[in-house]
Amino acid sequence: MNSDSSRGGWRSFPFIIGSTAGMSLGAAGIIGNLIVYLIREFNVKSINAAQVGNVANGSSSLFPIVAAIMADSFFGPFSVALLSSFLSFLGTVIFVLTTMIGSLKPKPCKNGSKACNPPSKFQYAILYGGIALCALGFGGARFTTASLGANQFNEAKHHDTFFNWFFLTWYIASVVSFTAIFYIQDNVSWAWGFGICSVATFIGLIILLLGYRFYRLHKPQGSAFLDLARVLVASIRKWKSQLSSTPKDYYIAKDDTLPIQPATTPGKRLRFFNRAALITDGDLQSDGSIGKPWRLCTVQQVENFKAIIGILPLWSSSIFLSVPIGIQGSMTVLQALATDRQIGQHFNFPAGSISVIPLISTSIFLTFLDRVVWPAWNKFNGKSPTTLQRIGTGHVLNVVGMAVSALVESKRLKMIHSNPSTTMSVLWLLPALVLVGIGESFHFPAQVAFYYQQLPQSLRSTSTAMISMIIGISFYLSTALIDQVHKSTDWLPDNINEGKLDHFYWMMVFIGGINFLYYLLCSTSYKHTKM
């Protein structure tokens with residue numbers, strides 16, 4: 001750690017937040033409206049466009065794990081954030097070029113025309129290259145910048161304040177993109193819209209660089225994921241060894257610099273993995289240190305590993321909490337394109353901006369919960385609801401939101417079939433999105449708090465990566481599910497007016513209900529740990 005007193009603290013805050021604002025504005029403006037851009041400018045079929053959008057969102061959520069490992073093990077958060085920001089900027093430049101150079105995209109055609117020319121292999125290569133750079137760059141920059149910012153402070157209250165401002169900035173920038181930039185893309189030109197995103201990303205990159213002399217830089221300390229892998233390998237290699245009931249037979253590493261000393265006795269649950277800390281011949285060097293790190297681990301490393309294993313069932317229940325959200329996000333954009341988006345005499349609601357509704361709903365209800373609901377709950381019950389209770393409430397609201405989406409789509413299809421010249425107002429799509437947003441205000445922050453509280457102190461960064469992994473896996477699963485339903489049923493044709501999207505939503509209600517029962521089973525059987 002750099003000990004220079006002129007580094008770190010709130011003096012670095014404006015640079016971190018400024019960079020976050022630029023990157024978030026650019027990310028939401030590119031990735032958020034990608035489905036509409038593919039359909040209108042690249043002649044990509046609607047279902048295929050939804051799948052590409054989910055893959056892009058999934059990649060931007062999974063890559064933070066890779067970025068975190070790189071930052072922890074090799075380069076530090078600043079270097080990874082800087083590289084990721086540069087990659088995202090290159091991606092935005094490619095998108096701008098596709099709007100300005102005719103040879104980089106197919107000739108335009110009317111929606112639904114059978115004479116539309118699909119993109120060539122070269123055009124697909126350029127397009128997917130831009131998508132990959134944006135997804136990887138924005139994903140890597142987002143969470144490593146958050147880590148860089150948190151590293152500037154020593155006190156927990158400053159960490160809390162920083163993260164509040166970090167996520168508030170992220171949300172506000174996303175709302176601006178989902179409204180103003182989407183409106184420019186829909187009503188002015190894609191070139192102007194993507195150009196603004198590229199400029200915002202570049203400004204974020206420059207601001208990150210300008211703050212370098214104010215940052216407190218931490219040296220890489222090694223990856224927690226590598227420690228977890230060592231525990232697994234060491235346990236398997238010693239599977240024939242007999243466990244001991246004597247604590248001194250296990251390797252304990254003490255560090256007087258830590259505020260909380262590591263565990264000194266292996267726990268009784270998942271005892272098989274205690275073998276990783278069992279000292280056998282040849283495991284130690286002459287000075288008593290570990291000689292074979294892939295054969296001997298510390299007791300604390302073993303307990304960390306077991307904490308991860310113990311929490312996996314609850315973690316897995318969150319995957320199918322997020323899958324319906326990803327599917328609804330993609331399908332709602334297609335529904336918006338098929339609705340009457342005229343609001344008043346002069347405003348045409350951009351289809352891509354429909355994604356801002358859950359975001360706004362979540363932001364407003366988070367404030368309502370914090371200022372009204374939880375204080376009232378404490379007053380009448382004497383304590384706050386547990387994180388698992390809040391997550392469960394989110395599950396229920398999510399299922400209800402999917403049911404409302406199914407009912408609205410059923411009504412829309414009946415209107416189309418009875419009178420093809422009529423179109424439903426886009427406002428009918430809002431209630432389901434608001435419900436899902438309210439549900440997210442319950443389950444998303446509660447999940448972050450739950451993993452943070454239940455995982456060991458040395459794995460606090462891993463808790464954030466677990467949330468990111470859930471989002472990424474969910475987007476990929478939603479893509480696979482859309483593809484399978486598209487191939488095996490008549491629910492999702494390229495023209496959703498001829499399909500049965502409401503059946504798909506009811507299937508999500510069924511899956512969500514089964515997943516909620518699974519969550520109840522996991523949450524009631526989970527044994528809380530105190531770290």
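**Cavities and helix packing: a short walk-through**

Hi everyone, let's start on the inside: this structure holds three cavities of 30 Å³ or more. By cavity I mean, on a 1 Å grid over the protein atoms alone, a set of points where a 1.4 Å probe fits but cannot get out, and lining residues have an atom within 4 Å of a point. Grid points are joined across faces, edges and corners, and the volume is the space filled by probe spheres set on the points.

A word on where this comes from. It is a predicted model, where local features need pLDDT of at least 70, side-chain atom pairs count only at pLDDT 80 or more, and totals for chains, interfaces and linings use all residues. Residues are numbered from 1 along each chain as its sequence is written, and side-chain values use heavy atoms, with hydrogens and water left out.

So, which residues line the largest cavity? They are Ser19, Thr20, Met23, Ser24, Ala27, Phe138, Ala141, Arg142, Thr145, Phe166 and Trp170, around a volume of about 100 Å³. Three helices, α1 (13–31), α5 (121–150) and α6 (156–187), each give at least two residues to that lining, and α1 gives the most, with five. Helices here are DSSP runs (H or I, at least four residues), numbered from the N terminus. By class, the lining has six nonpolar, four polar and one charged residues. Ala, Val, Leu, Ile, Met, Phe, Trp, Tyr, Cys and Pro count as nonpolar, Asp, Glu, Lys and Arg as charged, and the others, Gly among them, as polar.

The second largest cavity has a volume of about 50 Å³. Around it sit Thr332, Gln335, Ser405, Val408, Trp428, Leu429, Ala432, Leu433 and Tyr505. Here α10, α12 (387–418) and α13 (430–454) each supply at least two lining residues. This lining has six nonpolar residues, three polar and no charged.

Now back to α1, and how it packs. Its partner α7 (residues 190–210) lies with its axis 7 Å from that of α1, at an angle of about 160°. That makes the two helices roughly antiparallel; angles under 35 degrees count as roughly parallel, over 145 as roughly antiparallel, 65 to 115 as roughly perpendicular and the rest as oblique. The axes are lines fitted to C-alpha atoms, for helices over the stretch in contact, and angles run from 0 to 180 degrees between N-to-C directions. On the α1 side, the residues that meet α7 include Gly18, Ser19, Gly22 and Met23; contact means heavy atoms within 4.5 Å.

Last stop: α2 (residues 34–41) and α10 (residues 319–337). How do their axes cross? They come within 10 Å and cross at roughly 50°, so α2 and α10 are oblique to each other. Ile35, Val36, Ile39 and Arg40 of α2 touch Ser330, Val333, Leu334 and Leu337 of α10. That contact has six nonpolar, one polar and one charged residues.

Key. On a 1 Å grid over the protein atoms alone, a cavity is a set of points where a 1.4 Å probe fits but cannot get out, and a pocket is an open set with protein on both sides within 12 Å along at least five of seven lines; lining residues have an atom within 4 Å of a point.
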